[in-house]
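Here are my notes on the model, for you to read beside the coordinates. They start with the overall fold and then turn to one helix and its neighbours.

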Amino acid sequence: MSNNTTLISLVSKLNSVFSLKDLADLDYFLGIEVQRQNDGSLILTQSKYIRDLLAKTKMDESNPISSPMVGGCKLTKFGSEDFSDPTLYRSIVGALQNATITRPEISFSVNKVCQFMSEPSEQHWLAAKRILRYLISTVSWGLHFQSASLRHPFPLHAYCDADWASDSGGRRSTSGAAIFLGPNLISWWSKKQSVVAMSSTEAEYRSMALIAAEVTWIQSLLSELQVAYTAPIIMCDHISTVSLAHNPVLHSRTKHMELDLFFVREKVLTKQLNVVHVPAMDQLADILTKALSPSFLSFRSKLRVVERHSSNPS
């Protein structure tokens with residue numbers, strides 16, 4: 001709230017009904033550390049949480065690395081001995097899931113190791129340890145949120161991508177998405193699709209349907225909060241998928257995904273969202289669908305993950 005008088009009045013009225021305590025500016029909440037910058041922006045980190053996790057696994061003195069997963073890495077159920085302590089594996093990988101709250105760049109890697117919770121192998125444990133080694137060098141990194149003016153509608157835009165048949169065990173595709181409100185990343189995911197896609201176009205379109213549903217929910221929430229926003233734009237690097245979203249003709253080869261087709265097309269036709277093509281080099285969701293090496297650092301910065309500078313580390 002920009003109007004300080006209105007804020008004081010609201011707190012006073014709440015205090016007349018409830019017992020309130022002024023805790024001043026937020027700096028720590030549920031394991032998330034909040035650092036305010038001079039320009040009014042915020043950086044959310046989980047430095048203490050990550051340090052505790054590294055200490056728990058006795059990896060706080062290990063050699064750091066620059067990426068959470070080797071480029072092109074393919075984890076499978078076979079080809080490696082069973083891990084001796086499945087309970088430890090589940091505990092550490094579950095903890096890594098919590099770390100993705102402020103670290104979207106590790107979402108893909110964590111999602112991959114999560115797929116082997118029932119029967120982890122030594123190969124899977126090595127992959128989990130590599131994520132931890134990456135976190136050693138980036139303990140103080142977190143998600144950056146910039147302040148924005150309320151006088152103009154917020155631009156709402158999203159990136160969706162899919163890595164077709166990337167799961168060597170069942171040939172399911174991996175979906176990835178990143179949604180921005182203004183300059184800030186507000187929602188993201190990396191997940192294995194629930195069915196096997198017959199083509200890369202189908203895999204990409206299923207990913208697009210998922211993000212269209214999420215954007216629709218965000219629109220509803222913003223409207224309820226009376227926050228003005230522009231018509232959402234979904235960006236996809238697959239030309240055939242973009243064409244399908246605009247083409248009102250239902251082809252026989254797309255009948256098996258009719259619901260996804262009609263859902264997205266209806267949103268496009270009624271101008272509730274727009275689907276556009278984006279070059280692969282600018283596809284931010286790429287980091288959420290596959291293990292990258294050369295371009296990892298570039299995509300990480302585009303997801304608004306930055307280093308927190310502080311003279312008093314947690």
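**Notes on the predicted model**

1. Overall size. This is a predicted model. The protein has 314 residues, and a compact globule of that length would have a radius of gyration near 20 Å. The protein has 22 Å, which agrees. Along the principal axes, its C-alpha atoms fill a box of roughly 65 × 55 × 35 Å.

2. Make-up and burial. Nine helices and ten strands make up the secondary structure. Of the 314 residues, 45% count as buried. The cut-off for that is under 20% relative accessible area.

3. Residues 24 or more positions apart account for 71% of them.

4. H2 against H3. How do these two helices run relative to each other? Helix H2 covers residues 47–56, and its axis comes within 11 Å of the H3 axis. The two axes cross at roughly 165°. Angles over 145 degrees count as roughly antiparallel, and that makes H2 roughly antiparallel to H3. The crossing of H2 past H3 is left-handed.

5. Residues between H2 and H3. From H2 come Tyr49, Leu53 and Lys56. They meet Ser91, Ile92, Ala95, Leu96, Asn98 and Ala99 of H3. Sorted by class, this contact has six nonpolar, two polar and one charged residues.

6. H3 against H4. Helix H3 spans residues 86–99 and helix H4 spans residues 107–114. They pack at an angle of about 150°, and their axes are 10 Å apart. H3 and H4 are therefore roughly antiparallel to each other. H3 passes H4 in a left-handed crossing.

7. Residues between H3 and H4. On the H3 side the contact uses Tyr89, Val93, Leu96 and Gln97. On the H4 side it uses Val110, Val113 and Cys114. By class there are six nonpolar residues, one polar and no charged ones.

8. Thr87. Thr87 and Ser118 are 31 residues apart in sequence. In space, their C-alpha atoms are 9.7 Å apart.

9. To sum up H3. This helix packs with H2 at roughly 165° and with H4 at about 150°.

Conventions
Residues numbered from 1 in each chain as written. Predicted model: local features only at pLDDT ≥ 70, side-chain atom pairs only at ≥ 80, totals over all residues. Heavy atoms only, no water. Axes fitted to C-alpha atoms, helices over the stretch in contact; angles between N-to-C directions. Helix = DSSP H or I, 4+ residues; strand = E, 2+ residues; numbered from the N terminus. Parallel < 35°, antiparallel > 145°, perpendicular 65-115°, else oblique. Left-handed = near helix turned anticlockwise from the far one by under 90°. Contact = heavy atoms within 4.5 Å. Nonpolar A, V, L, I, M, F, W, Y, C, P; charged D, E, K, R; others polar. Rg over C-alpha atoms; globule rule 2.2 N^0.38 Å. Buried < 20%, exposed > 50% of the residue type's maximum accessible area, 1.4 Å probe, protein only.
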